[in-house]
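Okay, thanks for coming, everyone.

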Amino acid sequence: MEINEHVKRTLTLIGKAVKKGVTEDMRFHMDSSNNFTNNAVPFLRGDYINTNLNNMLADEDREVKTFPRCYWIGVLVIDKKNRLIFSICSQKTLDRISKNKIRKRPHYTQTLLNTVNRGEKAPKKQMPLFDGCPSPKPPFSKEAYEQDFLSIMEAPVSYYDGYRLWMVAYETDHFNLTAIKAVLMDGEFNVVQKVSILEMLKPNFGDLTSVKDPAKEKNDVRNLISVKPGLVGSQSSEPEKRTAILLKSAKGSKEA
């Protein structure tokens, strides 16, 4: 995928939404909570991230879409301008999804990868344990994936023809964001392309280290504090002229 300025902006906003959710929002919750236990913290982190995604990214070019999944509400960011779909989760969650081989129903990530990213081919794939072993069969049929896709996106796969799904995976350590990246995968969770979002969140110190001309800066300061010719009244720097002006003004008031 080409990372143009619009895509970079989208990835940066997603990174900021995740960072705020796992750091600032979670710290505020822990500081202000009087709960005896905090078992809901892992779920709260996701809610904060989703709220930030909606607040930061929802506009005419980007849709923050929700979809029900049993008792849980999922969120996808859809970049309509560049035909990209982003799904956000922790790296641990993504690893757990890819390793579960005994599902009775496809995970929504599994469905999206096997529909939207159906044409993706990873340069490197996991090799079979023994030479000559056939590749494992897909756990679900094409029809099963397409039916599940319809329940998630409320549209057939053909509606999103040309789109690609990117997984945004993040890692944390004690309410600190330590890693976040966007990963393009094929239907078997093999990596096709990877982009670091953490690099996009680093501040640009170029303006802070720029060299200024001391002489020019000194002149600029003088211009700011000097009194322009013709400036009279209370802002004049000459007491005699101020006195004369005040007397003249008082005289004119009496005549009026």
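**A walk through the model**

Let's start at Ala155, which is buried, with a relative accessible area of 9%. Buried means under 20% relative accessible area, exposed means over 50%, and partly exposed is in between, with a 1.4 Å probe and protein chains only. Before I go on, a word on where this comes from: it's a predicted model, where local features need pLDDT of at least 70, side-chain atom pairs count only at pLDDT 80 or more, and totals for chains, interfaces and linings use all residues. Residues are numbered from 1 along each chain as its sequence is written, and side-chain values use heavy atoms, with hydrogens and water left out.

Back to Ala155: you'll find it in the loop between helix H5 (142-153) and strand S4 (164-172). When I say helix or strand, I mean DSSP runs numbered from the N terminus, with helices being H or I of at least four residues and strands being E of at least two. What does Ala155 touch, not counting residues up to four places away in sequence? Phe149, Leu150 and Tyr160. Contact here means heavy atoms within 4.5 Å.

Now the overall layout. The protein has 8 helices and 6 strands, and from the N terminus on the order is α-α-β-β-β-α-α-α-β-β-β-α-α-α. There are 256 residues, and 34% of them count as buried. If you take contacts between residues at least 6 apart in sequence, 62% join residues at least 24 apart.

On to the cores. A nonpolar core is a set of buried Ala, Val, Leu, Ile, Met, Phe, Trp, Tyr and Cys residues joined through side-chain atoms within 4.5 Å. Which residues have the most contacts inside the largest one? Those are Ile14, Val18, Leu53, Phe86 and Ile88, in a core of 27 residues. The elements giving two or more residues to this core are helix H1 (5-32), helix H2 (41-57), strand S2 (72-79), strand S3 (84-90), S4, strand S5 (177-185) and helix H6 (198-201). H1 gives the largest share, with 7 residues.

Have a look at Phe86 in there. Setting aside residues up to four places away in sequence, Phe86 touches Thr10, Leu11, Ile14, Leu76, Val77, Asp79, Trp166 and Val168. There's also a second, separate core of 24 residues, and our friend Ala155 is in it, along with residues including Leu94, Phe149 and Met167.

Next, the two helices H1 and H2. Their axes come within 8 Å and cross at roughly 135°. Axes here are lines fitted to C-alpha atoms, for helices over the stretch in contact, and the angles run from 0 to 180 degrees between N-to-C directions. So H1 is oblique to H2: under 35 degrees counts as roughly parallel, over 145 as roughly antiparallel, 65 to 115 as roughly perpendicular, and the rest as oblique. What classes of residue make up the contact of H1 with H2? It has 14 nonpolar, 4 polar and 4 charged residues. For those classes, Ala, Val, Leu, Ile, Met, Phe, Trp, Tyr, Cys and Pro count as nonpolar, Asp, Glu, Lys and Arg as charged, and the others, Gly among them, as polar.

Staying on H1, that's where Val7 sits, and Val7 is buried at a relative accessible area of 1%. Leaving aside neighbours within four places in sequence, Val7 is in contact with Met1, Glu2, Asn82 and Leu84. Val7 and Lys81 are 74 residues apart in sequence, and 9.1 Å apart in space, C-alpha to C-alpha.

Last, a few loops. Cys70, between strand S1 (62-69) and S2, has a positive phi of about 55° although it is not a glycine. Is Cys70 buried or exposed? Exposed, with a relative accessible area of 70%. Phe175, in the loop between S4 and S5, isn't a glycine either, and has a positive phi of about 60°. Phe175 is partly exposed, with a relative accessible area of 30%.

And Ala122 is in the loop between helix H4 (108-113) and H5, where it counts as buried at 11% relative accessibility. Not counting residues up to four places away in sequence, Ala122 touches Asp186, Asn190, Val191 and Val192.
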